[in-house]
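Q: Please take a close look at one residue of this model, and describe what surrounds it. Then set that part in the context of the chain as a whole.

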Amino acid sequence: MLEELFRNNRAWAERIKHQDPDFFRKLAKQQTPEFLWIGCADSRVPANEIMGLLPGEVFVHRNVANLVIHTDMNCLSVLQYAVEVLKVKHILVTGHYGCGGVQAALQDSEFGLIDNWLRHIKDVYRVHESAFDGLNDEDRLNLLCELNVAEQVANVCHTTIVQNTWKRGQPLSVHGFIYSLGDGILKDLGVNISGLDELAPIYRVLRKSEHLKRSP
Ligand code: CO
């Protein structure tokens, strides 16, 4: 079974080299992706394939239910590197309909350690609770998948990493997309943020404080 993976890999590398003999040599020297993809770990939602992009064209971070948690060093490190070193121009937060993580968050069952990760999705539900009135199970799930994307777009923008990027005058837009497993179509949710003035005032970081105040 594993043998097949290596066979596939050699065939793939040959195919690429056939199309562009210098492809791997050029790519080995540097990567210059214009996009950072933050998506779900779901095996059916692979960033490159969906967008028809080659190696080197998209920097990728994936986790269960495409969450951007304020204190997640993994995601924040990816974000910092993508923005400050690679200087990506677009961040694509991409959810998908029928997401298992979002579905689990809608239930009242215990799943183990992952409950502590999925609780962030319950927080999104609570904020928008009235929007779910009268919906059937499938529509509830899909609405929460969409609202979760919008929330994670905002979380990306609230980081000092992204806000400092805008303050430097470096162009950067953050977008919310959603993918349909049923037909393979990627949709723009129309959630796009590209500047400090588009953030809710409470999240804006406009100046550096000399020190944190001693309490109280
Ligand atoms: Co998912």
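A: Asparagine 155 is in contact with Val68 and His70, once its neighbours within four places in sequence are left aside; contact here means heavy atoms within 4.5 Å. The model is a predicted one, in which local features need pLDDT of at least 70 and side-chain atom pairs count only at pLDDT 80 or more, while totals for chains, interfaces and linings use all residues. Residues are numbered from 1 along each chain as its sequence is written, and side-chain values use heavy atoms, with hydrogens and water left out.

One of the two partners, valine 68, also takes part in a polar contact: its backbone oxygen lies 3.0 Å from a polar atom of the side chain of asparagine 155. Such a contact is a pair of N or O atoms within 3.5 Å; within protein, one must be able to donate a hydrogen and the other to accept it, and residues adjacent in sequence count only if both atoms are side-chain atoms. Asparagine 155 counts as buried because its relative accessibility is 10%; buried means under 20% relative accessible area, exposed means over 50%, and partly exposed lies in between (1.4 Å probe, protein chains only).

Asparagine 155 belongs to helix 7. Helices (H or I, at least four residues) and strands (E, at least two) are DSSP runs, numbered from the N terminus. Helix 7 covers residues 137-158, and its 22 residues should span 32 Å at 1.5 Å a residue; the end C-alpha atoms are 31 Å apart, so the two values agree. The expected span is 1.5 Å times one less than the number of residues. At the start of helix 7, a side-chain oxygen of asparagine 136 comes to within 3.1 Å of the backbone nitrogen of glutamate 138.

Helix 8 takes up residues 160-167, and its buried residues are Ile161, Val162, Gln163, Thr165 and Trp166. Helix 7 is part of their cover, which also includes helix 4 (73-85), strand 3 (90-96) and strand 5 (186-193). After helix 8 comes glycine 169, with a positive phi near 85 degrees.

These helices belong to a chain with eight helices and five strands. From the N terminus on, the order of elements is α-α-β-α-β-α-β-α-α-α-α-β-β. The C-alpha atoms fill a box of roughly 65 × 50 × 30 Å along the principal axes. Of the 216 residues, 38% are buried. Among contacts between residues at least 6 apart in sequence, 63% join residues at least 24 apart.

Glutamate 34 gives another view of how parts of the chain meet. This residue lies in the loop between helix 2 (23-29) and strand 1 (35-40). Its C-alpha atom is 6.6 Å from that of valine 58, although the two residues are 24 apart in sequence. Leaving aside neighbours within four places in sequence, glutamate 34 is in contact with Glu57, Val88, Lys89 and His90. With a relative accessible area of 40%, glutamate 34 is partly exposed.

Charged side chains also pair in this model. Side chains of opposite charge can pair when their charged atoms come close. A salt bridge is a side-chain nitrogen of Lys or Arg within 4 Å of a carboxyl oxygen of Asp or Glu, and by this rule there are seven. One of them joins glutamate 14 and lysine 17, with N and O 3.8 Å apart. Both residues lie in helix 1, three residues apart, which is about one turn of the helix. Lysine 17 is partly exposed, at 38% relative accessible area.

Another salt bridge links arginine 25 with aspartate 22 at 2.4 Å, N to O. Arginine 25 counts as exposed because its relative accessibility is 55%, and aspartate 22 counts as partly exposed at 35%. In a further pair, the closest N and O atoms of aspartate 123 and arginine 126 are 3.8 Å apart. These two residues are three apart in helix 6 (residues 115-127), so about one helical turn separates them. Aspartate 123 is partly exposed at 34% relative accessibility, whereas arginine 126 is exposed at 54%.
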